[in-house]
Amino acid sequence: MAFNKCWLILAITLCVIGIGSGDDDHELLSENFYHKTCPKAVETIRKAVIDAVSQEPRMGASLLRLHFHDCFVQGCDASVLLDDTPNFIGEKNSGPNKNSLRGFEVIDSIKSQLESMCPSVVSCADILALAARDAVSALKGPRWEVKLGRRDSTTASLSESNSDLPAPFFNLSSLITAFQKKNFTIQEMVTLSGGHTIGRVRCRFFKHRIYNESNIDPSFAEAMKALCPSAKGDGDDNLSPFDSTTPDTFDNAFYQNLVNQRGLVHSDQQLYANGAGITDSQVFMYSRNFGRFKKDFADAMVKMSLLSPLTGNNGQIRTTCRFVNN
Ligand code: HEM
Ligand SMILES: *[C@@H]1O[C@H](CO)[C@@H](O)[C@H](O)[C@H]1NC(C)=O
Ligand SMILES: *[C@@H]1O[C@H](CO)[C@@H](O)[C@H](O)[C@H]1NC(C)=O
Ligand SMILES: *[C@@H]1O[C@H](CO)[C@@H](O)[C@H](O)[C@H]1NC(C)=O
C-alpha cells in the first residue's frame with residue numbers, strides 16, 4: 001500500500017514538474033479555451049478573415065502561409081509576427097520570409113479588436129491558427145477544429161527560419177527531411193504541399209524551371225515565360241498563381257497540375273515523377289479524389305497547429321502581435 005502510494009506521489013510530482021511532458025503540451029489546449037474569458041473571440045476572427053478574403057482573395061493564401069511559417073520555426077508561438085527592433089532580431093528578414101510573407105495588417109487589426117473586447121486574453125498564436133483555418137474554409141476548402149490556449153513567444157529565431165523552412169529548389173529527399181524534422185510523414189508532406197492550390201509565387205522561384213527543366217509541359221512553360229523573362233534579374237518579382245486554373249479556390253487542381261507536368265515550382269513537381277516516384281500514387285489519388293485530400297489536409301493542419309505550443313505559464317499573451325510586452 002505504502003509502496004503504491006509512493007509511486008502515485010512520484011508520478012504526480014514528475015507530472016507537475018513537467019518531466020516527460022515535452023511534446024504533450026498540446027493536451028493543455030482546448031476548443032473552448034476562450035468560452036468564458038472572451039466568448040466572441042472565435043467569431044470575431046472568423047468575420048474579419050471572411051471580410052479580408054472577400055476584399056482580396058489572395059489574402060486567404062497569405063494567412064495560411066503565415067501559420068505554416070510560424071509553426072515550422074520554434075513551434076506555433078507567433079514568433080513569425082515579431083518585428084525587428086534596435087535590440088531584437090525577428091524572423092521577418094529571413095530568406096523565406098523577406099518581401100514575401102503578407103497578412104500582418106490583417107492580424108494586427110484582429111488583435112486590436114480583441115484587445116478592446118477582452119484585453120490580454122487571446123494570444124497571437126491562436127489568432128494565426130484560427131485565421132489559417134477560416135481562410136481555407138473561406139476559399140471553399142475543408143474546415144477543421146482548432147484547439148486553443150497557445151501562448152506567445154518572447155523570442156524568435158532568424159536562423160531557424162532560414163534553416164527549417166523548405167525551399168522551392170529542394171528535391172524530394174530534402175522535402176522529406178525538412179518535414180520529418182517536424183515529425184511529419186512523407187504522406188503528410190505531400191498533403192500539406194496542397195496548400196499551393198491557392199496563392200501566388202514570384203518569377204524568381206520558377207524561372208529556372210520554365211526555361212531549363214525538361215519535366216514540364218511545353219505549352220505551360222511557354223505561357224509562363226510570358227510572365228517571367230529569362231534574363232537574370234528581369235521580372236523577378238512578377239507574380240503567378242501556383243495553380244493558374246483555379247487560383248483562389250481551395251480544390252485539388254494543384255495535384256491535377258502535377259500529374260500533367262504543370263507544377264510551377266521545382267519542389268512541387270518533385271512530388272510527381274510520371275509514375276516513377278514514391279509519392280506519385282498519392283498525388284494521382286488526390287488528383288481524382290478531392291474528398292480524400294480535404295480530409296487529409298484538415299488532419300495534417302491540426303497536427304501542424306499543435307507543433308510545440310507554449311502553454312501554462314510559458315510565454316505570454318502579447319498585447320501587440322509585433323512586439324514582446326514590456
Ligand atoms: C513543401 C515545401 C514548400 C515549399 C518549398 C514552399 C515554397 C513556397 C514559395 C517559394 C512560395 C512563394 C514565395 C514568394 O514568391 O514570395 C510559397 C507560397 C505559398 N506557400 Fe509554400 N512552400 C511549401 C510548403 C507549404 C505549405 C506546407 C503550405 C501550407 C499548408 C504552403 C502555403 C503557401 C501559400 C498559401 C503560399 C502563397 C502565399 C501568398 O500568395 O501570399 N506552402 N511557398
Ligand atoms: C537532394 O539534394 C541534396 C541537397 O542538395 C543532395 O545532397 C542530394 O544528393 C539530392 N538527392 C537526390 C536524390 O538528388
Ligand atoms: C518530434 O517527436 C520527438 C519524439 O517524440 C520529440 O522529441 C520532438 O520534440 C518532436 N518534434 C517536434 C518539432 O515536435
Ligand atoms: C539555363 O541554363 C543555362 C545553362 O546552364 C544557364 O546559363 C541559364 O542561366 C539558365 N537559365 C535560367 C533562366 O535559369
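The model is predicted. It is divided into domain 1 (22-166) and domain 2 (172-302), and both domains give residues to the lining of the largest pocket, so this pocket lies between them. The iron atom of ligand 1 has His196 as its only protein donor, and His196 is also among the residues nearest the centre of the largest pocket.

**Domains**

- The C-alpha centres of domain 1 and domain 2 are 24 Å apart.
- Contact between the two domains involves 22 residues of domain 1 and 21 residues of domain 2.

**Largest pocket**

- The space in the largest pocket amounts to about 1,200 Å³.
- Its lining is made up of 48 residues. Those nearest the centre of the pocket are Arg65, Pro166, Pro168, His196 and Phe242.
- By class, 24 of the lining residues are nonpolar, 13 are polar and 11 are charged.
- Helix α3 gives the largest share of the lining, with seven residues.
- Elements that each supply at least two lining residues include α3 (58-71), α7 (172-180), α8 (186-193) and β1 (200-202). α9 (207-212), α12 (266-269) and α14 (290-305) are also among them.

**Iron site**

**Helix α8**

- Six of the eight residues of α8 are buried, so this helix is largely enclosed by the rest of the structure.
- The buried residues are Glu188, Met189, Val190, Thr191, Leu192 and Ser193.
- These buried residues pack against α7, α11 (253-259), α13 (280-288) and α14.

**His67 in helix α3**

- His67 is part of helix α3, the helix with the largest share of the pocket lining.
- His67 counts as buried because its relative accessibility is 1%, where the cut-off for buried is under 20%.
- Leaving aside residues up to four places away in sequence, His67 touches Cys76, Leu128, Ala129, Ala132, Met301 and Ser305.

- Ala78 is not a glycine, yet its phi is positive, at about 65°. Ala78 lies in the loop between α3 and α4 (104-117) and counts as buried, with 0% relative accessibility.
- Lys140 is another residue other than glycine with a positive phi, near 75°. The place of Lys140 is the loop between α5 (124-138) and α6 (158-164).
- Lys140 is exposed because its relative accessible area is 62%, and exposed means over 50%.

- Thr319 lies in the segment after α14.
- With a relative accessible area of 37%, Thr319 is partly exposed.
- In sequence Thr319 and Val121 are 198 residues apart, while their C-alpha atoms are 8.7 Å apart in space.
- Apart from residues up to four places away in sequence, Thr319 touches Lys111, Glu115, Ser120 and Asn325.

Conventions. Residues numbered from 1 in each chain as written. Chains lettered and ligands numbered in written order. Predicted model: local features only at pLDDT ≥ 70, side-chain atom pairs only at ≥ 80, totals over all residues. Heavy atoms only, no water. 1 Å grid on protein atoms, 1.4 Å probe; cavity = no way out; pocket = protein on both sides within 12 Å on 5 of 7 lines; lining within 4 Å. Points joined across faces, edges and corners; volume = space filled by probe spheres on them. Helix = DSSP H or I, 4+ residues; strand = E, 2+ residues; numbered from the N terminus. Nonpolar A, V, L, I, M, F, W, Y, C, P; charged D, E, K, R; others polar. Domains from an automatic or database assignment. Buried < 20%, exposed > 50% of the residue type's maximum accessible area, 1.4 Å probe, protein only. Donors = N, O, S within 2.8 Å, 3.2 Å for Na, K, Ca; no water. Contact = heavy atoms within 4.5 Å.
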